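Here are a few quick notes to go with your first look at this one. Have the sequence and the model open side by side as you read.

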Amino acid sequence: MKIMVAVKRVVDYAVKVRVKPDKSGVETNNVKMSMNPFCEIALEEALRIRESGAASEVIAVSVGPTQCADTLRTALAMGADRAVHVDAGVSPVLPLSVAKILRALIQVEQTGLLILGKQAIDDDCNQTGQMVAGLLKWPQGTFASKVVLDKEKKVATVEREVDGGLETLSLDLPAIITTDLRLNQPRYATLPNIMKAKSKVIKKVTPQELNVEIKSDLEVIQVTEPPKRKAGVILSSVDELIDKLKNDARVL
């Protein structure tokens, strides 16, 4: 069975995000970019499933501009067998378009399982996995905190955190799984594997070759920073605190 993993290139989680002067988006030029943390977890889980013998191959896929190849090099260095880059140009690609591209690639590669992060830390959409499942009419297990694969029965057991505790789902393969933070701890890419990944071939395709039309139904009007937090004040009594909450904050 082949496993496909979708990975996204985002501004590194440790970088302070800055809004562009024209407020058209966030600044990405000369900013450290890296693989989305949730995607790292998805890739790690796919690699563990392959190492257990339940899968034969892990294919990493990234949709976006040319620079996405760097993210795929990281995926190859971590242990992915192959990488596919869908060059969709420099414009942002919305979740529905990404889902259609992933559906087309799944049909080409005949994969039995798609694993991806539950969301990206740049747009926080949390939509792509669910949309792929809807397009393919495959069962889905979202926000997975534990995954157990039964190769013989072709069933994936997914444990997920819900408000009331834990929920366990049994999914008939093929299926879609989106990963939560507590699923695993991703491995680091070693220097020898990073060097080897530089010489590996990344397959490049376009949305047109997959018969997918990229279009945007949304228009970003303006991006602004959140208001700066006001300085705190030290109060001398509980009565003064209640007064501030009632008259200034108006929460009582």
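1. A term to start with: a charge sits over a ring if NZ of Lys or CZ of Arg is within 6 Å of the ring centre and within 35 degrees of the ring normal. Bear in mind that this is a predicted model. Here, Lys118 is placed over the face of Phe143, with 5.4 Å to the ring centre.

2. Staying with rings: how many aromatic pairs does the count come to? By the rule used, zero.

3. Now the cysteines. You'll find zero disulfides in the structure. Cys39 takes part in no disulfide, and the nearest cysteine sulfur, the one in Cys68, is 11 Å away.

4. Cys39 has 5% relative accessibility, so Cys39 counts as buried. Cys68 comes out at 3%, so Cys68 counts as buried too.

5. Last, have a look at the surface. Val238, Ile242, Val251 and Leu252 make up a nonpolar patch there, and together they have about 400 Å² of accessible area. One of them, Val251, is in the segment after helix 6 (238–248). Val251 has a relative accessible area of 57%, which means that this residue is exposed, as the cut-off for exposed is over 50%.

Terms used: Residues numbered from 1 in each chain as written. Predicted model: local features only at pLDDT ≥ 70, side-chain atom pairs only at ≥ 80, totals over all residues. Heavy atoms only, no water. Disulfide = S-S within 2.5 Å. Buried < 20%, exposed > 50% of the residue type's maximum accessible area, 1.4 Å probe, protein only. Phe/Tyr/Trp six-rings, centres within 6.5 Å; stacked < 30°, edge-to-face > 60°. Patch = residues over 30% accessible without salt bridge, like charges linked within 9 Å, V, L, I, M, F, W, Y side chains within 5 Å. Areas by Shrake-Rupley, 256 points an atom, 1.4 Å probe, with all protein chains shown as cover. Salt bridge = Lys/Arg side-chain N within 4 Å of Asp/Glu carboxyl O. Helix = DSSP H or I, 4+ residues; strand = E, 2+ residues; numbered from the N terminus.
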